[in-house]
Structure formats: structure tokens, C-alpha cells
Amino acid sequence: MRIVSLLPSATEIVYGLGLGDQLAGVTFECDEPPSARTDKTVVVGGRDTSGMTPAAIDAYVRSQLAAGEDLYTLHADALAALAPDLILTQDLCRVCALPAGHVEDALDYLGCTAEVVSLDPHRLDDVLATIRTIGDHTGADQEAVADRVAGRRRPPVAVIEWTAPPFTAGHWVPDLVTAAGGRPVAARPGGRSEQTTWEQIAGERPEVVVVAPCGFHLDDAAAQAELVARQLPGLPVWAIDADGLIVRPGPRLVDGVEALAAIFHPDSGGAVVPAGRIRRVA
């Protein structure tokens, strides 16, 4: 089978299922494992926002969407040349990846008969189901990991997904908090991430604040967490490797639960969180 992944999380799942040798094409954002972007054909391009501030990224995305412009470019000829059997894509978020409808239109134009599977998880159980879905379509299998902190007091936790303007995390992130032994506040499990204000977040009386900005790893998250600490004085504020552990709906969410549990319940034992994954800033 020849697989094309148009979603970084799907790429991680494909490798996690031991199917890396069947993966033919990826996007410019598929960086886990790092070899995916160098060893496979890149069939989706886009603007590199790694050097931009959160406010600049927000302004760029809003201007592109307002103008009816796409954030991602499908290299249709490269896709057709791969002659894929299975294409993994999504319709969850126009900001995060190329929508499935664009892919299907391109395939119709090219006369390509690949099966298109859209992975659109909203809750943690949905993420686990996407792993099973890919396993079903490829003949592979994968097991999930259970929660280890049942029965402990659950501190109220606010997860900040964006800082300029502030957004609280939605979709599966509140479920990660619950799985790690916390109680998500200022969040709507399964719903979209929502723009809010620092006053509204403080009004939910969180005891822990986790800064997990979409698309950023630990050092950048920590820099943004410094801002959050100034906006929410007196609260413990942690930064986390969001892109590696929280925002991509793939197998590393299990590691994300472990990392969050280490923040909420440091005396619970269990797996040691590797260096470079979480950092307290206030």
C-alpha cells in the first residue's frame, strides 16, 4: 500500500503503527519523526511561521482567510506521481492542515482513485479511534494507555492554547487534563478552542495554568508563558512542549498525559518526564 499523509499527526500514527516504509508523501509540517520530511515526497507546502510571533501569525491567518486565500498549497502533480492508494487528511481546522474537500477536488481533476480518509477527532477517545481507523485501513493495530491518577483530588486547570489574543484549548485537550488527574476550566471539551480574556480565565479560578501554544515547542511556549504569568499573577504557570505532546492528535498524546500528570500530581510516581518537555515559569 502507498500512503500519503496530509496531516502531521497522521504521519506520526503511520510511523507508530510501523508503516513508515509504506508512507510515500507528507506535508512540509510533518516533522515527527524528522526523517519524514526529508525521506518522503512533500506534497503540501505553506508559509513557514516558525520565526513569527503569536500576534503576527494570528494577523496573517486572519488576513488570508478574510481574503479567501488558502493557507496550504497542494502540489497536485507530485501527489499524482506517487499514485497513492490511501490519503489521510482532515476537515477539523483550516488553520491546521489542508481540508479534505480540496484533496478530493484535486483527485477528481487528476483522475486519481485513491481512498481519502478524513481524521477529525474532537475528544481524546476520538483521537484513539483515529489510530484504530488507520490500523483498520492498513491492517495494523495499536493499543492505548490507561490513566494512572484515578482517585486523587483534581485541581482546576486552565490550558492556554494561544496568547495574542488569548485562546483556551478545546477539542481533546480538556480530556488530556482529565486523564492526567486535573479538572479543566475555561474550556469546552470537544468544542473548538475559544478566544477569551485574561479576566475571564482568572474568573474561573484555576489553580494551575498550562501554556500550550499551538505549533510551538517548549522554549517558545516558555517565552509566551512569561506573558501569561504577568497577566495571571499569583498562579503557578507551566509551559509544555505543545507541538510534541498536546496539540497534534496522535500517539504522543499519551506522553502528553504523562507530562500533565507530572505537573498536577508530582508525587504520583510513574514515568519520568524527559527533559525539554515541561517547565515551570511562575
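## A lined cavity

Helix 7 is the top contributor to the lining of the second largest cavity, giving 3 residues. The model that shows this is a predicted one. Strand 7 also takes part: strand 7 and helix 7 each supply at least two lining residues.

The space inside is about 40 Å³. In total, the structure holds 2 cavities of 30 Å³ or more.

## The largest nonpolar core

Nonpolar side chains tend to be buried together in soluble globular proteins. Here, the largest nonpolar core has 29 residues. Val159, Leu176, Val210, Ile240, Ile246, Leu260 and Phe264 have the most contacts inside this core.

Several elements each supply at least two residues of the core. The helices are helix 6 (124-138), helix 7 (173-179), helix 10 (242-245) and helix 11 (253-264). The strands are strand 7 (156-163), strand 11 (208-211) and strand 12 (237-240). Helix 11 provides the largest share, 7 residues.

## Leu176 and its partners

Which residues does leucine 176 contact, leaving aside its neighbours within four places in sequence? Leucine 176 touches Leu124, Leu245, Ile246, Leu253, Val257 and Leu260. Two of these partners, Ile246 and Leu260, are also among the residues with the most contacts inside the core.

Another core lies apart from the largest one. This other core has 21 residues, including Ile57, Leu71, Tyr72 and Leu79.

Key. Residues numbered from 1 in each chain as written. Predicted model: local features only at pLDDT ≥ 70, side-chain atom pairs only at ≥ 80, totals over all residues. Heavy atoms only, no water. Core = buried A, V, L, I, M, F, W, Y, C linked by side-chain atoms within 4.5 Å. Buried < 20%, exposed > 50% of the residue type's maximum accessible area, 1.4 Å probe, protein only. Helix = DSSP H or I, 4+ residues; strand = E, 2+ residues; numbered from the N terminus. Contact = heavy atoms within 4.5 Å. 1 Å grid on protein atoms, 1.4 Å probe; cavity = no way out; pocket = protein on both sides within 12 Å on 5 of 7 lines; lining within 4 Å. Points joined across faces, edges and corners; volume = space filled by probe spheres on them.
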